[in-house]
Amino acid sequence: MSGAIGHVTVNDGPPPAYLRTSQRWPLALSWRARSAGVHQARRNDQPTRFCEEPFYTPRDADPEVGKRLDRCVTRGGLLLLIGDSTAGKTRTAHHAIQTRIPAHRVLIPDDAQALFQALDALATSAEPCLVWLDNLEQYLLGPHPLTPALLRELERLKVPVVATMSTRALPSIPHSPTDSTAPGQRIARVLDMADTVELPRIWTAAEINRARRSRDARIRDAVRHHGRYGIAEYLAAGPSLLRAWQRAQQTADGNPRGAALVTAAVHLTRSGLARGLPRTLVLAVHERILQEAGGPRLRPETQDEAIAWATELRHGASSMLQPESDDQGGPWSAFEYLVEHSPTPVPDWIWEVVLEHVQTPSDRHAIASGAYKTHPQISERVWRQLADSGHHEAACALSIHLFDADKPAEADAALQSALAAEHAEAFLVQAHHLHTGGHLRSAEPAYRKAAALGSLRALSFLGNLLAGQERNEEAEQVLREAINNGHGAAGEELGKLYIKLERRAEALQAFSQGADAGNATACVWLANLLTEQGNVTDADQALRRAITLGHRRALVYLADLRAEQGDIFESQALYKIGAQYDIPEAHAMMGVYRVARRDYQSAIASLAKAVDLGLAKARTDLAVALLHNGQAKDAEALLRPDAESGDPVATAVLGALLWQEGNGAHGEVETLLRRAAAQGSEEAQHNLAQLLMTQERYPEAEALLRPLAREEQPESVIVMGILLTLTDRADEAASVYAGAAARGSLEALQELAALLTANYALTDTHQGFWREIADDSAARTFESLRELFDAAGHQDWAEDLHEFMHREHDPAQAPRPVVLFNLEAIRAHLLCTEAAKRVAEHLTAAGHAELGPRLARLLSASTITRNTVAPGTPWPTTA
């Protein structure tokens with residue numbers, strides 16, 4: 001057949017045999033995941049006769065993927081799954097296809113030309129068919145790319161198209177929504193036609209729990225050991241391949257030539273070349289890499305041995321170099337996991353080699369854009385060459401680079417030819433320069449010109465400018481226009497405008513529109529509003545989507561949210577990933593967790609890294625870690641400059657440190673604590689009260705503690721109770737402890753038991769029992785406390801507590817425990833049931849047979865509560 005759809009042109013002659021009839025295509029029911037492109041997992045140590053591939057673990061996105069697939073099957077269209085390498089995109093899509101449309105035939109074309117040639121077979125097939133495009137970016141580039149017209153033809157035939165794409169590929173794909181002749185315009189239109197589902201690399205707690213219950217030993221093992229890499233990546237043997245490659249580079253008696261081959265492929269891919277690297281190019285580049293590593297001194301293996309090593313399947317899974325065809329001399333691709341986790345930057349000379357290799361201006365522009373972050377001088381040179389030849393997108397990129405380099409005159413000159421050609425992006429860049437430089441009157445008409453030429457992004461920037469001038473109605477109108485014309489990303493600016501105007505319900509809707517359009521920052525704003533409303537589930541999903549879209553700081557926000565919800569394990573995993581990206585808050589929180597685990601050396605390293613990255617507030621936590629590690633002098637040296645500069649937190653901690661270590665006179669300690677308390681530090685106010693109590697200055701201490709106790713600060717409530725006891729007000733102290741215990745304070749219950757023992761004729765043996773309960777358990781329910789009051793003869797307290805629990809006859813109104821998650825609390829929680837048994841035995845032996853089992857039952861059903869600082873000691877920890 002011959003003809004054309006869009007830019008796909010097919011010469012005369014019959015298509016290959018496998019494209020002439022759907023009978024040659026696999027049925028979805030028998031279509032193997034490996035054939036779909038799923039990374040092969042390592043071999044099963046205990047294979048079953050049913051499945052050599054790992055059992056599928058259901059993902060949270062499955063219902064949404066299934067619903068959208070059903071829609072594509074009914075109407076036609078493109079369903080696109082986007083996510084990181086080995087996030088599980090291909091396996092999730094394959095599972096949906098196999099379970100929902102098992103009778104469909106699956107066409108896997110080599111490129112858009114093959115897809116065009118198969119149209120007759122698709123149109124005449126007696127069986128329903130589906131087109132599978134794994135790694136869609138390969139079909140968007142090259143000599144025979146996918147076109148909107150071809151997609152529309154498939155939609156007319158009601159043939160569903162299912163595709164996957166790595167998030168890493170998105171930035172490298174050229175796009176220009178304003179230039180109708182650019183390949184980027186075609187690609188943008190194809191992507192706009194897609195019904196997109198984003199699949200996070202980081203599995204949710206529910207997904208991990210499902211994997212933990214899997215019948216497949218490999219999946220259960222991945223749950224135990226996946227750590228920073230994610231379960232799908234672990235299963236795909238990515239970490240093992242990375243370690244093998246790194247070892248081969250570092251050892252003289254390893255595989256130096258094989259390692260150089262892999263390094264060459266990784267560098268070439270990271271520089272922007274598509275999959276399917278010419279073997280001759282990889283071999284040529286690897287020779288220089290090998291020579292720079294030591295050449296003959298390394299006694300490298302032969303080329304055939306190196307190729308065999310680099311293409312060898314590891315753990316029965318993937319190879320570092322993956323052949324792209326059965327041809328002996330065919331192209332290679334580097335395993336994607338290695339590309340994403342390579343620790344070394346691409347050398348200068350590699351960029352030069354790649355630029356010599358690519359031919360078209362668009363490809364050279366894409367390579368220059370990829371080089372910009374690490375090699376701006378190369379990018380500038382290439383952009384100048386392209387701009388001189390009339391490439392307007394390169395001229396815009398050059399102008400942005402020159403403006404950022406504080407060369408405004410050159411930046412303006414670089415734009416002139418593109419402006420003369422009425423290139424919309426050029427007017428947008430010009431407007432942005434003017435806006436950034438404070439020339440708002442000149443920026444506004446430039447934004448409006450760019451918008452008139454079709455740039456929807458210009459409307460978003462214009463809305464921001466107008467909002468900054470308090471022209472709120474105009475800003476709202478402009479941003480609404482952008483959204484209504486398909487630029488949903490403007491939802492971020494509109495949402496911020498509504499926040500400023502205190503129209504939070506409308507802000508929530510605007511941020512939702514921005515998030516739906518793939519704006520990562522809008523996802524974060526949306527999560528913040530949802531959290532304010534108490535909708536933690538949707539906030540969690542919004543943050544995961546932001547992470548999928550590349551918002552790295554969202555890792556920390558999600559970690560904070562998971563910690564607040566009690567998932568300490570995922571919280572720490574997220575902080576670890578954030579630390580890998582050198583997010584300072586992630587390093588700081590890893591330090592805080594390590595202090596809680598008493599791993600002070602590691603905590604010091606994490607907190608020092610956070611300080612080096614510019615997080616000044618981590619200095620105080622670093623000082624606390626140093627103090628715990630026995631380095632009080634170092635901690636003091638770190639705190640004194642901050643305290644002298646007026647930092648209230650540093651002042652409070654320094655005062656506590658000097659008191660605890662005995663390194664300063666009480667006068668200096670009191671001065672420091674009073675100064676910090678006057679600046680609003682509640683920790684300093686608490687510690688000052690305790691210092692005054694040691695000097696029997698009880699009225700002053702009480703005046704400091706009462707406001708904190710009214711705010712239900714747990715540590716201050718305990719110390720307040722101690723002060724009341726010391727000043728012969730035991731009944732008031734008991735009431736204070738009872739209220740705190742009802743709010744979930746374990747230490748308040750312990751102090752109440754001691755007070756009852758001392759003042760209400762309970763024996764010393766009973767006091768010991770209660771201390772064992774407090775030491776071994778992590779919580780107490782309201783009901784157990786009420787029964788304690790009954791047993792101690794205080795029915796009035798029990799009735800008050802019962803009324804407090806069921807305030808307004810709504811159990812949801814009852815106070816809930818305050819939760820602080822650390823490993824000690826979790827350890828205690830796991831011991832809870834055993835502790836309950838021991839307490840029951842003790843009480844029964846002491847003659848309280850009826851009380852022991854009842855309290856043991858209640859205790860075993862309790863929840864984790866906050867651990868508090870022991871009364872009478874300074875409170876230096878601010879983490």
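**Note on the predicted model**

1. Five strands make up an open sheet, in the order 4-5-6-3-7, and their pairing is parallel. Strand 4 (105-107) and strand 7 (194-198) stand at the edges. Each has a single partner strand, so one side of each is left without a neighbour in the sheet. From one strand to the next, the twist averages 25 degrees. Keep in mind that this is a predicted model.

2. Strand 4 runs parallel to strand 5 (residues 129-133), and 3 bridges join the two. Take Val 106 as an example: its bridge partner in strand 5 is Leu 130.

3. A helix across the sheet. Helix 3 (residues 89-100) lies across strand 3 (77-83), strand 5 and strand 6 (160-166). Its direction is at about 165 degrees to that of strand 6.

4. The whole chain. Look now at the overall counts. The chain has 48 helices and 9 strands. Of its 879 residues, 52% are buried. The chain exposes about 39,600 Å², and carbon and sulfur atoms supply 50% of that area. Contacts also reach along the sequence. Among those with a separation of 6 or more, 63% join residues 24 or more positions apart.

5. Helix 40. This helix covers residues 714-726, which is 13 residues. From first C-alpha to last it reaches 19 Å, close to the 18 Å expected at 1.5 Å a residue. Is helix 40 largely enclosed or largely open? It is largely enclosed by the rest of the structure, because 10 of its 13 residues are buried. Among the buried ones are Pro 714, Val 717, Met 720 and Leu 724. Asp 728 follows the helix, and its phi is positive, near 60 degrees.

6. Aromatic pairs. How many aromatic pairs does a search of the whole structure find? The search finds 5. In one of them, the ring centres of Tyr 447 and Phe 461 are 6.0 Å apart. Their planes stand at 5 degrees, so the pair is stacked; the cut-off for stacking is under 30 degrees. Tyr 447 lies in helix 23 (residues 440-452), and Phe 461 lies in helix 24 (residues 456-468). The pair therefore ties together parts that are 14 residues apart in sequence. Tyr 447 is buried, at 0% relative accessibility. Phe 461 is partly exposed, at 28%.

7. Another stacked pair. Phe 511 and Trp 525 are also an aromatic pair, with 5.3 Å centre to centre and 15 degrees between the planes. This pair is stacked too. Phe 511 belongs to helix 27 (residues 504-516) and Trp 525 to helix 28 (residues 520-532). Parts 14 residues apart in sequence are therefore tied together by this pair. Phe 511 is buried, with a relative accessible area of 0%. Trp 525 is partly exposed, at 30% relative accessibility.

8. A buried loop residue. Where is His 487 placed? His 487 sits in the loop between helix 25 (472-484) and helix 26 (491-500). Why does His 487 count as buried? Its relative accessibility is 17%, and buried means under 20%. Leaving aside residues up to four places away in sequence, His 487 touches Leu 456, Arg 457, Ser 460 and Ala 482.

Terms used
Residues are numbered from 1 along each chain as its sequence is written. This is a predicted model: local features need pLDDT of at least 70, side-chain atom pairs count only at pLDDT 80 or more; totals for chains, interfaces and linings use all residues. Side-chain values use heavy atoms; hydrogens and water are left out. Helices (H or I, at least four residues) and strands (E, at least two) are DSSP runs, numbered from the N terminus. Buried means under 20% relative accessible area, exposed over 50%, partly exposed in between (1.4 Å probe, protein chains only). Contact means heavy atoms within 4.5 Å. Accessible areas come from the Shrake-Rupley method with a 1.4 Å probe; for residues, only the protein chains shown count as cover. Two strands pair if DSSP finds at least two bridges between them. Axes are lines fitted to C-alpha atoms, for helices over the stretch in contact, and angles run from 0 to 180 degrees between N-to-C directions. The expected span of a helix is 1.5 Å times one less than its number of residues. Rings of Phe, Tyr and Trp (its six-membered ring) pair if their centres lie within 6.5 Å; planes under 30 degrees apart count as stacked, over 60 as edge-to-face and the rest as tilted.
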